[in-house]
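Subject: Structure handover and notes

Hello,

Here is the structure for your files. My notes follow below it.

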Amino acid sequence: MTDRTKADRTKVDRTKVDPAKADRTKADPAKTDLAPRELRVLVAVGSEGGFSAAAALLGMTQSAVSHSVRTSERKLGAVLFDRGRNGARPTEAGERALGHARQVLRLLEVMGAEVRGAGSGTLSGPLRIAVFRSAALHLLPRALERLTARHPEIVPEVRIVRELGRGTAGEVLDGRADIGIATLGTTSPVPPELVGGVLLQEGYALVHPAGHPAPRTLPLVDWAENCTSYTREWWAAQEWLPAATVEAEDDGAVLSMVSSGFGMAVMPELSLVGAPPSVEITDLGVARPTRSVGYVTTPELAKSLAVRSLIRELRTTEG
């Protein structure tokens with residue numbers, strides 16, 4: 001055997017790697033997975049908008065926060081924040097990472113609460129709920145009253161979110177809410193990453209000043225959340241409905257303006273609960289538009305005891 005052949009063989013032998021060992025190296029969680037501490041740093045930078053503010057929130061040095069973020073970026077293989085003079089803003093990859101980070105951290109909290117209450121059957125801790133305005137006023141309170149009566153150690157944290165764009169479902173996807181009370185429909189279904197169900201179907205009605213002889217001649221008052229995919233087709237077919245001349249901030253402002261005699265409106269039933277006697281509600285007939293109100297949550301949190309309990313109370317309230 002020549003010296004060159006021996007050298008080539010030696011080179012080949014040195015580069016041989018046991019496939020089993022190679023697989024273990026690639027999948028080593030210590031090298032690729034993010035620890036809860038690292039997830040908390042990412043979430044703090046995202047919520048505070050900068051490294052120094054996140055450091056102050058977490059009781060860390062800014063350099064430690066920067067190092068943690070760089071380590072997370074290296075593990076994930078993506079830049080998570082755009083750094084600049086005005087702070088740190090999540091990149092598109094960062095937004096995705098933050099949503100997952102919040103969800104993972106929340107699942108760890110839920111795990112702890114459920115394990116601690118396993119022996120006694122006690123449900124405790126926060127339950128984060130995103131809900132649009134009329135559901136917050138007229139659907140959620142009764143369910144929460146029943147829920148907290150059964151489980152007084154649950155602490156509901158409610159955020160009212162405009163049902164526009166990503167709406168309450170977006171809050172759940174971003175890990176800011178455990179469950180969202182949302183408007184559902186064929187053109188705005190439950191996002192594929194979430195699970196959900198319908199709680200009630202509500203119809204729309206014409207609301208106008210009480211006693212007005214010709215309410216359909218009044219100006220139309222509307223708000224951005226109203227004429228969405230649920231009503232657009234019906235709305236376009238109504239020749240008697242003029243274009244809205246007033247765009248209010250929410251359904252409460254619309255009802256107030258109608259009550260004062262300013263105009264008429266087409267509104268869903270939840271928005272008309274407790275309407276003052278100064279307004280009159282007229283049925284729009286069998287062809288009236290409707291919308292479904294339901295809940296959305298993640299598949300993991302759908303199994304949690306607190307979310308399941310709230311869904312049960314919501315169904316009981318409307319049953």
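Leaving aside its neighbours within four places in sequence, which residues is S124 in contact with? They are A113, E153 and I154, where contact means heavy atoms within 4.5 Å. S124 sits in the loop between α7 (92–116) and β3 (125–131). For S124 and E153, the C-alpha to C-alpha distance is 4.5 Å, at 29 residues apart in sequence. S124 is partly exposed, its relative accessible area being 28%; buried means under 20% relative accessible area, exposed over 50%, and partly exposed in between (1.4 Å probe, protein chains only).

On provenance: this is a predicted model, in which local features need pLDDT of at least 70 and side-chain atom pairs count only at pLDDT 80 or more, while totals for chains, interfaces and linings use all residues. Residues are numbered from 1 along each chain as its sequence is written, and side-chain values use heavy atoms, with hydrogens and water left out.

Overall figures

The protein has 13 helices and 11 strands; helices (H or I, at least four residues) and strands (E, at least two) are DSSP runs, numbered from the N terminus. Of its 319 residues, 42% are buried. Among contacts with a separation of 6 or more, 72% are between residues 24 or more positions apart. The protein exposes about 17400 Å², and 54% of that comes from carbon and sulfur atoms (Shrake-Rupley method, 1.4 Å probe).

Nonpolar cores

A nonpolar core here is a set of buried Ala, Val, Leu, Ile, Met, Phe, Trp, Tyr and Cys residues joined through side-chain atoms within 4.5 Å. The largest has 27 residues, and L127, I129, L139, I181, L310 and L314 have the most contacts inside it. At least two residues of this core come from each of β3, α8 (133–138), α9 (140–150), β5 (179–184), β6 (195–209), β11 (290–297) and α13 (305–318). The biggest contribution to this core is that of α13, with 5 residues. A second, separate core has 19 residues, including L34, L42, L80 and L98.

Helix packing

Axes are lines fitted to C-alpha atoms, for helices over the stretch in contact, and angles run from 0 to 180 degrees between N-to-C directions. The axes of α5 (residues 51–58) and α6 (residues 62–76) come within 8 Å and cross at roughly 110 degrees. That makes α5 roughly perpendicular to α6 (65 to 115 degrees). In this contact, F51, S52, A54 and A55 of α5 meet Q62, V65, S66 and V69 of α6. By class there are 5 nonpolar, 3 polar and no charged residues; Ala, Val, Leu, Ile, Met, Phe, Trp, Tyr, Cys and Pro count as nonpolar, Asp, Glu, Lys and Arg as charged, and the others, Gly among them, as polar.

Helix α4 (residues 36–48) also packs with α6, at about 110 degrees and with the axes 9 Å apart. On the α4 side are R37, E38, V41, L42 and V45, and on the α6 side V65, S68, V69, T71, S72 and K75. The contact of α4 with α6 has 5 nonpolar, 3 polar and 3 charged residues.

Two further loop positions

H151 lies in the loop between α9 and β4 (154–160) and is buried, with a relative accessible area of 18%. Not counting residues up to four places away in sequence, H151 touches L123 and S309.

G261 is in the loop between α12 (251–259) and β9 (265–268). G261 is partly exposed, at 38% relative accessible area.

Regards

Technical notes:
Parallel < 35°, antiparallel > 145°, perpendicular 65-115°, else oblique.
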